[in-house]
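Please find below a short note on the model under review.

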Amino acid sequence: MELSERQEKIIEIVKENGPITGEQIADHLSLSRATLRPDLAILTMAGYLDARPRVGYFFTGKTGSELLTEKVKQYKVSEFQSVPVVVKEDASVYDAISTMFLGDVGTLFVVNDDGYLSGVLSRKDLLRASLGNQDLNIVSVHIIMTRMPNITVCRADDLLIEAAKKLIDKQIDGLPVVKDTPSGLQVIGRITKTNITKAFVELILDEQV
Ligand code: ADP
């Protein structure tokens, strides 16, 4: 976050004199308390300062990058996940390709007859299957999918940064967001590189406000 000259000054005053009341900070700067109010609100919200009732403002000792890290660590998968697009195991490769186009996604999740996660299909999985001479209406996706238990998943409560690390470590484009049930994993969402990019943009744009 880019701090204004006045906000930098306020931080210096609080560092040296804290705990200090808003009134006293205003005196240091020869400004009114009302003029300072928005700056104090911003600095408190951003985490540079903390305010205790009847005591005053004090410096938290956190740097800009520490505060940014704290904010990223608050991002949960549930806040950024998208709707999953699924196909059944007995769907044909042709149907899966159509579903991928219609759903405008790069990764499809495959579910078994009971509706639980059984596989993943990427764009290249489908392209590879299309290269041979097989009839795409006959080959079913369970032949070509990456299957359980080799599927990397995440959960709604996970930190977004953990999901992002999995995408990088496994070199994949998306993860199913799953809910654990005694009978299997229920697919409730999708986290892709696009969701991570959105989080990154939100983080930076929010910082500029
Ligand atoms: P693409 O193959 O189109 O580049 P990916 O990099 O996502 O897309 O997929 C690479 C391989 O990893 C594919 O064979 C795919 O089935 C598999 N894969 C994709 N997502 C997952 C996942 N969440 N867990 C396990 N395997 C996956």
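**Notes on the predicted model**

1. An oxygen atom of the ligand lies 2.8 Å from a polar backbone atom of aspartate 173. Such a pair is a polar contact, meaning N or O atoms within 3.5 Å. This is a predicted model, in which local features need pLDDT of at least 70 and side-chain atom pairs count only at pLDDT 80 or more, while totals for chains, interfaces and linings use all residues. Residues are numbered from 1 along each chain as its sequence is written, and side-chain values use heavy atoms, with hydrogens and water left out.

2. One of its oxygen atoms is 3.3 Å from a polar backbone atom of glutamine 171, and a nitrogen atom of the ligand is 3.1 Å from a polar backbone atom of glycine 174.

3. There are 15 residues around the ligand (a heavy atom within 4 Å). Ser122, Asp125, Thr146, Thr152 and Asp173 come nearest.

4. The unreviewed UniProt entry carries the annotation "domain: CBS" for residues 80–136 and 145–207; such annotations may be inferred rather than shown by experiment.

5. Helix H2 (residues 22–29) packs against helix H3 (residues 33–45) at about 110 degrees, with the axes 9 Å apart. Helices are DSSP runs (H or I) of at least four residues, numbered from the N terminus; axes are lines fitted to C-alpha atoms over the stretch in contact, and angles run from 0 to 180 degrees between N-to-C directions. H2 is therefore roughly perpendicular to H3 (65 to 115 degrees).

Definitions and conventions: Helices (H or I, at least four residues) and strands (E, at least two) are DSSP runs, numbered from the N terminus. Angles under 35 degrees count as roughly parallel, over 145 as roughly antiparallel, 65 to 115 as roughly perpendicular and the rest as oblique. A polar contact is a pair of N or O atoms within 3.5 Å; within protein, one must be able to donate a hydrogen and the other to accept it, and residues adjacent in sequence count only if both atoms are side-chain atoms.
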